[in-house]
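Here is a short briefing on selected side-chain contacts. Please look over the model first.

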Amino acid sequence: MKMHRFEEIWLVLAAGVIILSMVVTGYQTFALGMGPPSNKETIDPQKVDETAPFDEPGVYQIGENEYEVVMTLQIFSFNPGDIEIPAGSTVHFTMTSKDVVHGFQVAGTNLNAMVMPGHIQKITQKFDKPGEYLVLCNEYCGSGHQLMSTTITVK
Ligand code: CUA
């Protein structure tokens, strides 16, 4: 097969760019530890209600100004909802879904997580500023998706 000289050059350049970007991304992820935060714990999505800690969802104080929120997400609610915590608290969210993929986004913060059935999602946030924060599901999860919201009140 006879290829035009320019075609060869562009092929080599394009392949080079792809390989270079994979090498750079791989280096950042594995050598520099810059991969996205991810939690590898799994759970049987059929048995969420019987599996600790999700058998008792709620807000737990685990230290001075430190809380753990054990939360289940299901169509179309967050359990617990309407959370209240004191200003200056660090909150560790431990979440899972009982049915389909949901989102956990807290407006006004950079908290934004995908919560999948079968997986335990963990994410930590410090709440310094008092106020009412809107919590939204940002993954389309069914006919009531737009109703799936709650609040975190920091006071
Ligand atoms: Cu849950 Cu959208």
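Arg5 and Glu8 both sit in helix 1 (residues 5-31), three residues apart, about one turn of the helix. Helices are DSSP runs of H or I with at least four residues, strands are E runs of at least two, and both are numbered from the N terminus. This is a predicted model: local features need pLDDT of at least 70, side-chain atom pairs count only at pLDDT 80 or more, and totals for chains, interfaces and linings use all residues. Residues are numbered from 1 along each chain as its sequence is written, and side-chain values use heavy atoms, with hydrogens and water left out.

**Salt bridges**
- The whole structure holds six salt bridges (a side-chain nitrogen of Lys or Arg within 4 Å of a carboxyl oxygen of Asp or Glu).
- One of them joins Arg5 and Glu8 at 2.8 Å, N to O.
- Arg5 is exposed at 56% relative accessibility, while Glu8 is partly exposed at 31% (buried is under 20% relative accessible area, exposed over 50%, partly exposed in between; 1.4 Å probe, protein chains only).
- Glu41 and Lys122 pair at 3.2 Å, N to O.
- That pair links distant parts of the chain, 81 residues apart: Glu41 is in the loop between helix 1 and strand 1 (58-63), Lys122 in strand 8 (residues 121-127).

**Thr94**
- Thr94 lies in strand 5 (residues 89-97).
- Thr94 counts as buried because its relative accessibility is 4%.
- Its side chain makes a polar contact of 2.8 Å with that of Glu68 (N or O atoms within 3.5 Å; within protein, one must be able to donate a hydrogen and the other to accept it, and residues adjacent in sequence count only if both atoms are side-chain atoms).
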